[in-house]
Amino acid sequence: MVTVLVYFFFAWQQRVSYDITTNLDPHTHTLTAVENLTYYNNSPAILETLYFHLYPNAFHDRNTVFAREIKKIGDYKFDRAPKKDRGYIRIDGVRSAERAVRYEINETIMRLMLDQPLLP
């Protein structure tokens with residue numbers, strides 16, 4: 001006889017609302033954007049730091065983790081790609097309630113250090 005235990009956990013999901021205004025410049029191959037983000041903390045924890053993925057930064061140059069790893073497996077397409085075919089996200093600043101928010105970017109991860117904790 002086999003007994004199978006199934007556990008159900010109460011789950012929650014964070015909620016984020018985005019309002020993004022963009023401008024595409026085909027001559028310079030750039031997209032400029034201003035994003036207003038509303039983050040709803042549905043977790044039971046107080047948040048002092050928020051993390052965001054900046055996936056396009058994996059394609060910034062030949063020194064990213066992505067570039068080095070893909071080269072290791074023998075795929076040289078990205079390594080040989082001209083600079084114009086690479087991309088990334090540049091963050092010029094982050095504000096909350098009209099105040100600057102400290103942030104750090106490590107390749108594809110942006111860490112925001114909130115000056116006021118975000119309550120559940």
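In what sense do S6 and strand S7 pair, and over how many bridges? The pairing of S6 with strand S7 (residues 109-118) is antiparallel and extends over five bridges. The legends below describe close-up views of a predicted model.

**View 1. Three strands form an open antiparallel sheet.** The strand order is S3-S7-S6. Strand S3 (47-53) and strand S6 (102-106) are the edge strands, each pairing on one side only. From one strand to the next, the twist averages 25°. Strands of a sheet pair through backbone hydrogen bonds, in either a parallel or an antiparallel arrangement. Here S3 and S7 run antiparallel and are joined by six bridges.

**View 2. Met-113 of S7 has Arg-102 opposite and also Thr-49 opposite.** Elsewhere along S7, Arg-111 is the bridge partner of Glu-104. The hairpin of S6 and S7 has two residues between the strands, and in this hairpin Glu-107 takes a positive phi near 55°.

**View 3. Ala-97 and Glu-98 in the loop between S4 and S5.** Most residues other than glycine have a negative phi. Ala-97, although not a glycine, has a positive phi of about 50°. The loop that holds Ala-97 runs between strand S4 (95-96) and strand S5 (99-100). Glu-98 lies in the loop between S4 and S5 as well, and its phi is also positive, near 65°. Ala-97 counts as exposed because its relative accessibility is 66%. Glu-98 has a relative accessible area of 65% and is therefore exposed.

**View 4. Arg-62, Lys-71 and Asp-79 are linked in a network of salt bridges.** Side chains of opposite charge can pair when their charged atoms come close. Asp-79 forms a salt bridge with Arg-62, in which the closest N and O atoms are 3.7 Å apart. This pair links distant parts of the chain, with Asp-79 in helix H2 (residues 77-80) and Arg-62 in the loop between S3 and helix H1 (65-72), 17 residues apart. A salt bridge also joins the side chains of Lys-71 and Asp-79, at 3.9 Å from N to O. Asp-79 is partly exposed because its relative accessible area is 22%. Arg-62 counts as partly exposed at 38% relative accessibility, and Lys-71 counts as partly exposed at 37%.

**View 5. The side chains of Asp-85 and Lys-84 meet in a salt bridge.** The N to O distance is 3.2 Å. Asp-85 is partly exposed, with a relative accessible area of 49%, whereas Lys-84 is exposed, with a value of 68%. The count of salt bridges comes to seven.

**View 6. Tyr-39 and its contacts.** Tyr-39 is found in strand S2. At 22% relative accessibility, this residue counts as partly exposed. Residues up to four places away in sequence set aside, Tyr-39 touches Gln-14, Arg-15, Val-16, Leu-47, Leu-50 and Leu-118. Tyr-39 and Arg-80, which are 41 residues apart in sequence, lie 39 Å apart in space, C-alpha to C-alpha.

**View 7. Tyr-18, Ile-20 and Leu-37 make a nonpolar surface patch.** The patch has an area of about 290 Å². Leu-37 has its place in strand S2 (residues 30-40). With 32% relative accessibility, Leu-37 counts as partly exposed.

Notes: Residues numbered from 1 in each chain as written. Predicted model: local features only at pLDDT ≥ 70, side-chain atom pairs only at ≥ 80, totals over all residues. Heavy atoms only, no water. Pairing = 2+ DSSP bridges. Helix = DSSP H or I, 4+ residues; strand = E, 2+ residues; numbered from the N terminus. Axes fitted to C-alpha atoms, helices over the stretch in contact; angles between N-to-C directions. Patch = residues over 30% accessible without salt bridge, like charges linked within 9 Å, V, L, I, M, F, W, Y side chains within 5 Å. Areas by Shrake-Rupley, 256 points an atom, 1.4 Å probe, with all protein chains shown as cover. Salt bridge = Lys/Arg side-chain N within 4 Å of Asp/Glu carboxyl O. Buried < 20%, exposed > 50% of the residue type's maximum accessible area, 1.4 Å probe, protein only. Contact = heavy atoms within 4.5 Å.
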